[in-house]
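Keep the viewer open as you read.

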Amino acid sequence: MSPETLILGILGFLGLVSVIATFLAIMERDLLRAVLFSAIQSTVYAFIYYLLMAPDIVLVYIPVAVGLYPAIVLFLIKKTERYEGESGENH
Amino acid sequence: MIELETYFFTILVLSMFVNLGLALYGVLARPSLVKKIIALTILSDTANTFAIIVGYARWPSPTLPIKPPVLTNLNPSQVDILVFSQQAVDPLPQALVLTAIVIGLAVTLFLVFLTLQAYRLYGTTDVRKISKLRG
């Protein structure tokens, strides 16, 4: 097996993993776990960018999408409500 | 008989399309505003991935190994530039994606604080309940 085939095989596998993570993030009712699945999906995307020969994107994408996005959404969940579809009488 | 490399690359592109559909479903159909924000970030990331895939020179069946868009010579000759243009990936989509990531961060922060203000005013982040409110 040539290195090119190996890299493309890893890319296909990472694509499938990202589909699973995205599905769990969208379908999860607990928003805290949805944010964690979204961070997993972002990590997989960072590996995909690295293998697609875009290392400069990886350097920007990892702090923004794995660090900042979950941080500000966790801040939002802490200020509002944790479960999707929860009634909001206790504000 | 499909080649193995084409098969793997098709899996990658198709999984990106599935991600796009899932994220669109999340933005349009899920009731929680926080879930909509999460789905919107996934949507923008998937769109960025499509741009990078377009810039990936030498899709399956390569004869030369591909390289990142970096020239290692300080004063490249004509031959160096010719070889570089045949081997390197396209840097233009990468520059656009870099800009799009930063703009997406600003838009997401704006939406987060809009959602926070909506929660303070209405006491819920559920769009079905917000749409039923009167006054």
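The largest nonpolar core has 38 residues, and those touching the most other members are A25(A), I48(A), Y49(A), V73(A), V34(B) and I38(B). A nonpolar core here means a set of buried Ala, Val, Leu, Ile, Met, Phe, Trp, Tyr and Cys residues joined through C-beta atoms within 7 Å. Buried residues have 20 or more other C-beta atoms within 10 Å of their own, exposed ones 12 or fewer, and partly exposed ones fall in between, with C-beta atoms placed from the backbone. At least two residues of this core come from each of α1 (3-27), α2 (31-51) and α3 (55-79) of chain A, and likewise from each of α1 and α2 of chain B. The largest share, nine residues, belongs to α2(A). Elements are DSSP runs numbered from the N terminus: helices (H or I) of at least four residues and strands (E) of at least two.

Before going further, please keep in mind that this is a predicted model, in which local features need pLDDT of at least 70, side-chain atom pairs count only at pLDDT 80 or more, and totals for chains, interfaces and linings use all residues. Residues are numbered from 1 along each chain as its sequence is written, while chains are lettered from A and ligands numbered from 1 in the order in which they are written.

Now zoom in on A25(A). Leaving aside residues up to four places away in sequence, A25(A) touches A34(A), F37(A), S38(A) and Q41(A), along with I38(B) and I42(B) from the other chain. Contact means C-beta atoms, placed from the backbone, within 7 Å.

How many residues of chain B are in contact with chain A? There are 49, and they meet 47 residues of chain A. On the chain B side, α1 (4-29), α2 (33-55) and α4 (91-122) each supply at least two residues, and α1(B) gives the largest share with 14. By class, this side has 32 nonpolar, twelve polar and five charged residues.

Stepping back to chain B as a whole, you will find five helices and zero strands. Its radius of gyration, taken over C-alpha atoms, is 22 Å, well over the 14 Å of the globule rule for 135 residues, so chain B is more spread out than a compact globule; that rule is 2.2 Å times the number of residues to the power 0.38. The C-alpha atoms fill a box of roughly 70 × 45 × 15 Å along the principal axes, and 26% of the 135 residues count as buried.

As for confidence, chain B has a mean pLDDT (the predictor's confidence in each residue, from 0 to 100) of 86, with 92% of its residues at 70 or more. The complex itself is given an ipTM of 0.89 and a pTM of 0.87.

Conventions. Contact = placed C-beta atoms within 7 Å. Nonpolar A, V, L, I, M, F, W, Y, C, P; charged D, E, K, R; others polar.
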